[in-house]
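Take a look at the chain below. Follow it from one end to the other, then read on.

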Amino acid sequence: MIKTQNSKLKTQNSKLKTQNNSVYSAKGKKFLAFLSCLFVLPFCLAFLSCFFLSLNAKEENGSVFGRERSIQVSVLSNVDWTDTGLDIEDGQEIYFRASGGISLQRGNPMAYCDPDGYPLQTFQQPIQDKNIGALIGKVYLLISVEVDEETGEEIRNELIELFYIGSENRVTMPMKGHLFLGVNENVVADNAGEFKVTIYLSEKNGNEKQSLVRLNR
Ligand SMILES: [Ca+2]
């Protein structure tokens with residue numbers, strides 16, 4: 001009987017040791033996790049701070065792509081579209097920064113707006129879900145020109161893509177073509193004023209360099 005009790009006690013002791021070991025093991029893991037947080041978390045925070053500071057530094061230096069060229073374009077509000085002189089590639093990223101102000105109805109002081117447009121959206125404007133009068137862009141690609149045999153009328157097969165810019169925007173070009181800028185309004189003859197737009201083009205790849213070469217011709 002005594003031997004049996006001893007053997008039971010030994011078994012219980014061994015179970016207790018196992019439990020204690022597992023408790024110590026769990027505590028050890030928690031301690032290691034705590035140490036990891038103590039050293040890794042500040043490192044991560046420092047890395048993120050440096051990253052965002054470098055981004056801010058780029059903005060302060062006026063740099064958008066790291067290496068870029070920029071051109072200035074005056075966008076008159078009383079013409080449909082202003083030719084930027086740029087041929088752009090599908091998927092090319094372009095950064096626009098605009099200033100100035102226009103009147104959407106000459107002589108009406110209430111009709112003034114900046115490149116973000118007047119806070120009104122109508123069905124009679126090129127991009128209907130953006131403010132009327134806002135700065136917008138157009139990519140134009142002429143596919144072919146045909147002549148109607150009966151009427152002699154010229155038929156131009158062309159593709160047009162519009163995109164919103166506003167006062168400042170980085171836009172991925174929706175297709176290859178020629179770049180125009182304008183205001184988001186259809187009735188432009190009664191407008192006055194202009195937007196001053198700086199267009200930033202990355203010099204990181206060959207396609208964008210080609211655009212600049214064509215611009216300088
Ligand atoms: Ca107008």
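## The model

This is a predicted model, in which local features need pLDDT of at least 70 and side-chain atom pairs count only at pLDDT 80 or more, while totals for chains, interfaces and linings use all residues. Residues are numbered from 1 along each chain as its sequence is written.

## The whole chain

The chain has two helices and nine strands. Both kinds of element are DSSP runs, numbered from the N terminus: helices are H or I with at least four residues, and strands are E with at least two. In sequence order, the pattern reads α-β-β-β-β-β-β-β-β-β-α.

How much of the chain is buried? Of its 217 residues, 20% count as buried. A residue is buried if 20 or more other C-beta atoms lie within 10 Å of its own, exposed if 12 or fewer, and partly exposed in between; these C-beta atoms are placed from the backbone.

Contacts tell another part of the story. Two residues are in contact if their C-beta atoms, placed from the backbone, lie within 7 Å. Take the contacts between residues at least 6 apart in sequence: 73% of them join residues at least 24 apart.

Two strands pair if DSSP finds at least two bridges between them. Strand β1 (residues 68-76) runs antiparallel to β9 (residues 192-202), with nine bridges. Here Val 75 sits opposite Phe 195 of β9.

Strand β3 (residues 93-103) is also antiparallel to β9, through 10 bridges. Ile 94 faces Leu 201 of β9, and Ala 98 stands opposite Val 197 of β9. β3 pairs with β7 as well, in the antiparallel sense over five bridges. In that pair, Glu 93 is opposite Thr 172 of β7. Two bridges link β3 to strand β4 (residues 112-113), again antiparallel. There, Ser 103 stands opposite Tyr 112 of β4.

## The open sheet of four strands

Which order do the strands of the open sheet follow? The four strands run β2-β8-β5-β6, with antiparallel pairing. β2 (82-88) and β6 stand at the edges with a single partner strand each, so one side of each has no neighbour in the sheet. Neighbouring strands of this sheet are turned by 30° against each other on average, direction ignored. That angle is taken between axes, which are lines fitted to C-alpha atoms (for helices, over the stretch in contact); angles run from 0 to 180 degrees between N-to-C directions.

Strand β5 (residues 135-147) and β6 are antiparallel and share 11 bridges. Leu 141 stands opposite Leu 159 of β6. In a regular strand the side chains alternate between the two faces of the sheet.

## Two loop residues

Gly 166 lies in the loop between β6 (154-164) and β7 (168-172). Is Gly 166 buried or partly exposed? Gly 166 is partly exposed, because 17 other C-beta atoms lie within 10 Å. Leaving out residues up to four places away in sequence, Gly 166 touches Pro 115, Asp 116, Ala 134 and Leu 135. Gly 166 and Ile 136 are 30 residues apart in sequence, yet 6.7 Å apart in space, C-alpha to C-alpha.

Gln 121 is in the loop between β4 and β5. With 15 C-beta neighbours inside 10 Å, Gln 121 is partly exposed. Not counting residues up to four places away in sequence, Gln 121 touches Gln 128, Asp 129, Lys 130, Asn 131 and Ile 132. Gln 121 and Glu 185 are 64 residues apart in sequence and 9.8 Å apart in space, C-alpha to C-alpha.
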